[in-house]
Amino acid sequence: MTKNFFITMLVAVFLGAILGNFLFAKYKLEDQVVLKEVNSIYFITEGTYSSKEQATTATKDIDVKLIVKEDANYVVYLAITENEDNLKRLEELFKEKGLKISTKKMSIDNKEFLATLEQMDLLIKKTETTEEIMAVNEVVLANYEEFVLN
């Protein structure tokens, strides 16, 4: 009786380990998918134009910008941030300059850019002056162009 009981317990532990490992692996995969959806980034745009020349001419007074071709149009990005507090701060800054802006939310999977953006968002949080914010913002736009667009 003890021999049968011992074999039954050994089989039960073995099956439990296999099923537990299977469920853990499945849970781990589902967890990674959820994390990818969290990488939402806010883009502050000035406008959309039908040609790059129109975009350049219309925004000639804006020093820090990035003109990106999307579909058949050219979109002028003024700032990119992951932090909602920074988003509000940047929106206020551009509105004070008299710019008509809009904000759109997109997901990006580029890990290098996301790591850089996280560091730049921390810098923007700690900056005091408009010049410092714009300098950090210029780096963010340049990194987006380098890591994501190219």
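**View 1. Phenylalanine 113 is buried, with a relative accessible area of 0%.** Buried denotes under 20% relative accessible area, exposed over 50% and partly exposed the range in between, with a 1.4 Å probe and protein chains only. The model is predicted, so local features need pLDDT of at least 70 and side-chain atom pairs count only at pLDDT 80 or more, whereas totals for chains, interfaces and linings use all residues. Residues are numbered from 1 along each chain as its sequence is written, and side-chain values use heavy atoms, with hydrogens and water left out.

**View 2. Helix α4 comprises residues 111–126.** Helices (DSSP runs of H or I, at least four residues) and strands (runs of E, at least two) are numbered from the N terminus. At the start of α4, a side-chain oxygen of asparagine 110 comes to within 3.1 Å of the backbone nitrogen of glutamate 112.

**View 3. The two sides of helix α4.** Phe113, Leu114, Thr116, Leu117, Met120, Asp121 and Ile124 are buried in α4. They cover an arc of only 160° around the axis, which places them on the same side of α4; the arc is that of the directions from the helix axis to the C-beta atoms. On the other side of α4, Lys111, Glu112 and Lys126 are exposed. The cover over the buried residues of α4 includes β1 (40–49), β3 (73–81), α3 (84–96) and α5 (130–149).

**View 4. Phe43, Tyr77, Phe113 and Tyr144 form one aromatic cluster.** Rings of Phe, Tyr and Trp (its six-membered ring) pair if their centres lie within 6.5 Å; planes under 30 degrees apart count as stacked, over 60 as edge-to-face and the rest as tilted. Four aromatic pairs are counted by this rule. The rings of tyrosine 77 and tyrosine 144 are edge-to-face, with centres 6.1 Å apart and planes at 85°. Because tyrosine 77 lies in strand β3 and tyrosine 144 in helix α5, this pair ties together parts that are 67 residues apart in sequence. Phenylalanine 113 and tyrosine 144 also form an edge-to-face pair, at 5.4 Å centre to centre and 70° between the planes.

**View 5. Threonine 81 has its place in strand β3.** Threonine 81 counts as buried at 1% relative accessibility. Its contacts (heavy atoms within 4.5 Å), not counting residues up to four places away in sequence, are with Ile41, Tyr42, Asn86, Leu87, Leu90, Leu117 and Asp121.

Definitions and conventions. The expected span of a helix is 1.5 Å times one less than its number of residues. A polar contact is a pair of N or O atoms within 3.5 Å; within protein, one must be able to donate a hydrogen and the other to accept it, and residues adjacent in sequence count only if both atoms are side-chain atoms.
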